[in-house]
Amino acid sequence: MRRKEENREKKVAVLTGGSSGIGKELLKNLLKADYFVVSVSRTEPMLEDHGEASHAFFACDLSKPEQVESTAQAILEQYPKIDLLINNAGLGISGATEKLPEEEIRYVFEVDYFSVLHLTRALLPAMQSGSKIVNISSACALFALPYRNVYCSAKAAVNMLSLGLRMELKASGIPVVCICPGDIRTNFTKNRIKHTDGDRAKNAQEKIDSREHKRMNVEKAAKKIARIALKKKGALYIVGAKYKMFNLLYRLFPVRTFYGAVGKIFG
């Protein structure tokens, strides 16, 4: 952990996965909103345009529960009051479900779901009425997709965790907000764990990769996500017009019809 002198008058936000992609842009937006940001990730974010007194960094491998717990305790020692927690860190995995190595499935669930659960539980004692929890899920949590089944499952678990926790914390005055972004142009696709055994899995992966240029601009998407995180208190938000449309179709059409079409598009 690298500690920096901070302005104690600022609100404190804890952000996971702030070293790259959406997380790095969210970190910039939080700093612009005058938050003191406690960043949690394996590598330290490189921020050239902000003073050193604006943020702190705690190194943590979020796939290891013991590190999450010890990092949370270290944060609590330094920052006894937390105003905003954004669980953003995550990674993808693709391939035929039957062929994915179990250790990789568990690794994805540790990062995408269990780190959210463990860090939230550990930091809740530092939150009070007016504090806020924001979980960055995915549009993939809204419905199943072929060859991204494990990732969809992990993010669907984040949605259920968020909605259930929202009800539990209502009396405490701590809103829990779940944000489901669609495709955003970052290194997320490049860094996804990929298994392309079999022609169908390979074709599905190539189809996904070929759409990279059509994804949302990361800076614009992060501004929308940050605006929701800072100002909105609804239960669930979808970022991306295409996935808003898919979610509407999912609600309107019979399950068999909807997934028949999804299988053809993404399979």
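**Entry 1. Ala226**

I began with Ala226, which counts as buried because its relative accessibility is 5%, and buried means under 20%. I note at the outset that the model is predicted. I placed Ala226 in helix H7. I then looked up its contacts, leaving out residues up to four places away in sequence, and found Leu26 and Asn29. Ala226 and Leu26 are 200 residues apart along the chain, yet their C-alpha atoms are separated by 6.1 Å.

**Entry 2. Asn29**

I turned next to Asn29, one of the residues that Ala226 touches. I found Asn29 in helix H1. Is Asn29 buried or exposed? I recorded Asn29 as buried, because its relative accessibility is 18% and the limit for buried is under 20%. Not counting residues up to four places away in sequence, Asn29 touches Ala222, Lys223 and Ala226.

**Entry 3. Helices H1 and H7**

I then examined the two helices as a pair. Two packed helices are described by the angle between their axes and the distance between the axes. For H1 (residues 21-32) and H7 (residues 218-231), I noted an angle of about 55 degrees and axes 9 Å apart. H1 and H7 are therefore oblique to each other. H1 passes H7 in a right-handed crossing.

I listed the residues that meet. H1 contributes Gly21, Ile22, Glu25, Leu26, Asn29 and Leu30. H7 contributes Val218, Glu219, Ala222, Lys223, Ile225, Ala226 and Leu230. Sorted by class, this contact has eight nonpolar, two polar and three charged residues.

**Entry 4. Leu84**

I looked up Leu84, which lies in strand S4 (residues 84-87). Leu84 is buried, because its relative accessible area is 2%. Leaving aside neighbours within four places in sequence, I found Leu84 in contact with Val12, Ala13, Val14, Leu30, Tyr35, Lys132, Val134, Ala229 and Leu230. Among these partners is Lys132; the C-alpha atoms of Leu84 and Lys132 are separated by 4.9 Å, although the two residues are 48 apart along the chain. Leu30 and Leu230 are also partners of Leu84, and I had already listed both in the contact of H1 with H7.

**Entry 5. Val14 and the nonpolar cores**

In soluble globular proteins, nonpolar side chains tend to be buried together. How many residues has the largest nonpolar core? I recorded 27 residues, and those with the most contacts inside it are Val14, Val38, Ile75, Tyr79, Ile82, Leu123 and Ile133. At least two residues of this core come from each of strand S1 (11-16), strand S2 (35-41), strand S3 (55-59), helix H2 (65-78), helix H3 (102-123) and helix H4 (149-169). H2 gives the largest share, four residues.

I took Val14 as an example. Not counting residues up to four places away in sequence, Val14 touches Val38, Val40, Ile75, Ile82, Leu84, Leu85, Ile86 and Leu123. Another core, of 24 residues, lies apart from the largest one; Leu27, Leu30, Leu31 and Val37 are among its members.

**Entry 6. Helices H3 and H4**

I compared a second pair of helices. The axes of H3 and H4 come within 9 Å and cross at roughly 10 degrees. H3 and H4 are therefore roughly parallel to each other, as angles under 35 degrees count as such. Their crossing is right-handed.

On the H3 side I noted Ile105, Phe109, Asp112, Tyr113, Val116, Leu117 and Thr120. On the H4 side I noted Val150, Tyr151, Ser153, Ala154, Lys155, Ala157, Val158, Leu161 and Leu165. By class, the contact of H3 with H4 has 12 nonpolar, two polar and two charged residues.

**Entry 7. Helices H8 and H9**

I then looked up H8 (residues 241-252) and H9 (residues 255-266), which pack at an angle of about 145 degrees with axes 10 Å apart. H8 passes H9 in a left-handed crossing. Tyr243, Phe246, Leu249 and Tyr250 of H8 make the contact with Phe258, Tyr259 and Phe266 of H9. This contact has seven nonpolar, no polar and no charged residues.

**Entry 8. The chain as a whole**

The chain holds nine helices and nine strands. Of its 267 residues, 50% count as buried. Among contacts with a separation of 6 or more, 70% join residues 24 or more positions apart.

How values were computed:
Residues numbered from 1 in each chain as written. Predicted model: local features only at pLDDT ≥ 70, side-chain atom pairs only at ≥ 80, totals over all residues. Heavy atoms only, no water. Axes fitted to C-alpha atoms, helices over the stretch in contact; angles between N-to-C directions. Parallel < 35°, antiparallel > 145°, perpendicular 65-115°, else oblique. Left-handed = near helix turned anticlockwise from the far one by under 90°. Contact = heavy atoms within 4.5 Å. Nonpolar A, V, L, I, M, F, W, Y, C, P; charged D, E, K, R; others polar. Buried < 20%, exposed > 50% of the residue type's maximum accessible area, 1.4 Å probe, protein only. Core = buried A, V, L, I, M, F, W, Y, C linked by side-chain atoms within 4.5 Å.
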